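Student: I would like a close look at the aromatic rings in this model and at what surrounds them. Please take me through them in one go.

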Amino acid sequence: MKSTTDLNMVNAYIPGRADVGPVTGALIARRDALLGPAYRLMYERPLHIVRGEGVWLYDPEGRRYLDVYNNVTSLGHCHPAVTEAICRQAQTLATNTRYLHETILELAERLLASVPETELAHLMLTCTGSEANDLAYRIAKVRTGGVGVIVTDTAYHGITDAVSKFSPSLGVTVDLGEHVRVVPAPRLYHAEGADLAERFTRDVEAAIADLRRHGIRPAALIVDSLFTSDGILPEPAGFLMGAVGAIKRAGGLFIADEVQPGFGRTGEHFWGFQRHGVMPDIVTMGKPMGNGQPIAGLLATADALAEFGKHSRYFNTFAGNTVSCAAALAVLDAIERERLVLNAAKVGSILREGIASLAVRHEAIGDVRGAGLFVGVELVCDRSSRAPDRRLTSEVVNRMRDKGVLLSACAMGHNVLKIRPPLVLSADQAGLVIEALDEALNEAQKASGG
């Protein structure tokens, strides 16, 4: 079964398309020779970054770029409290989970306390979000005795062999597994007045029925709770309830992939799934957890983990090491101390409202949506057909790069600007994003003769 989409980056570097200059060209050639052909670079003219601080990245000439795309460093680049915690712990002890140590236990207590209304009971740590989703799938298979997985049509859940088989956004060259069923993402902008919750529930029920028809027992429904790769689809809150109920009635687990929506980004709760009032069996987490230090993991119910723990031994050399746990604790402290969930709500509202106001002057802005500091701007050829404008999206992304604002794009039509800044973004910095987008759209329109 082939993937249903081919989500090549609209802002990818393509050799020969743009003049990158001799210095950058030489660096690209050296990189290609040493790293091989599988890696990709962002933007038509790739950036050479040598330093980061807060929401800013700097090139060798000292020019700074406002980073509103990178949520790996969700607290901003080189956050002092996190770097200090890493250095202090590295100078004291760096070891694995086969020795007793209190840091991992404190981290587990803190993370579990962030979801008191659920039955989540245990923490397991990995190094990456891909590993976390891979482990979650292993647990689901043992718990349910099934292998069937249901995902949305442009989902991304990771790059391991198992997880890539249910990550349609990796493109048509990456086969989806025969045990995978794809359902349409809940695109409210294109729903034409339909009951989105009912439709999504019905689609998941149909996928469950089709799995069973082919003799495949359902193991899990896994979704990114903001449907990030599908185009950032947060509304309406609560629409996941029916679908979650359907997979649980079928004997499967609900896995909430919080690698991108988690850690306060929505500005409402600590986790994205909480806005839907659902209870996951497993919550996976990753990128923002260590603010750049590799650490990821999952929270699971006692019921989900019981059989897996009885029959499977889990050990990961680097996962849960003391240095990464210290970094994660520093991240949790900073989110609380700096009131970053509240900041995500306040600044995210300014960002969304400011971009929405541009729609009066720019017909290409079809929809502006999001939650907290996660904003999607859907660019269309015209508002009546709502047809995606991939060309314009690519041009806007690259024009904004030239203006010193870094973002990217997502969705099946490759036409949704993906704005995902560090949680420390200020109102003034949000204003810079709005201003740059206004200018980029104006310039793109003039260049096309509009």
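Tutor: Start with a ring that has a charge over it: the charged end of Arg-386 sits over the ring of Tyr-189, 4.5 Å from its centre. A second case is Arg-51, whose charged end sits over the ring of Tyr-58, 4.0 Å from the centre of that ring. Keep in mind that this is a predicted model.

The structure holds 7 aromatic pairs. A pair of aromatic rings is described by the distance of the centres and the angle of the planes. For Phe-200 and Phe-239 the centres are 6.1 Å apart and the planes stand at 90°, so this pair is edge-to-face. Phe-200 belongs to helix H6 (residues 196-213), while Phe-239 is in the loop between strand S7 (218-224) and helix H7 (241-249), so the pair ties together parts that are 39 residues apart in sequence. Phe-200 and Phe-239 are buried. The rings of Phe-263 and Trp-271 also form a pair, with centres 5.1 Å apart and planes at 70°, so it is edge-to-face. Phe-263 and Trp-271 are both buried. Going back to Phe-200 and Phe-239, ring pairs link them with Phe-227 into a cluster.

His-276 is in contact with Phe-239, and, leaving aside neighbours within four places in sequence, its other contacts are Ser-225, Pro-234, Pro-236, Ala-237, Gly-238, Leu-240 and Met-241. His-276 itself is placed in the loop between strand S8 (253-257) and strand S9 (282-285). Is His-276 buried or exposed? Its relative accessible area is 1%, and because buried means under 20%, His-276 counts as buried.

Notes:
Residues numbered from 1 in each chain as written. Predicted model: local features only at pLDDT ≥ 70, side-chain atom pairs only at ≥ 80, totals over all residues. Heavy atoms only, no water. Helix = DSSP H or I, 4+ residues; strand = E, 2+ residues; numbered from the N terminus. Buried < 20%, exposed > 50% of the residue type's maximum accessible area, 1.4 Å probe, protein only. Contact = heavy atoms within 4.5 Å. Phe/Tyr/Trp six-rings, centres within 6.5 Å; stacked < 30°, edge-to-face > 60°. Lys NZ or Arg CZ within 6 Å of the ring centre and 35° of its normal.
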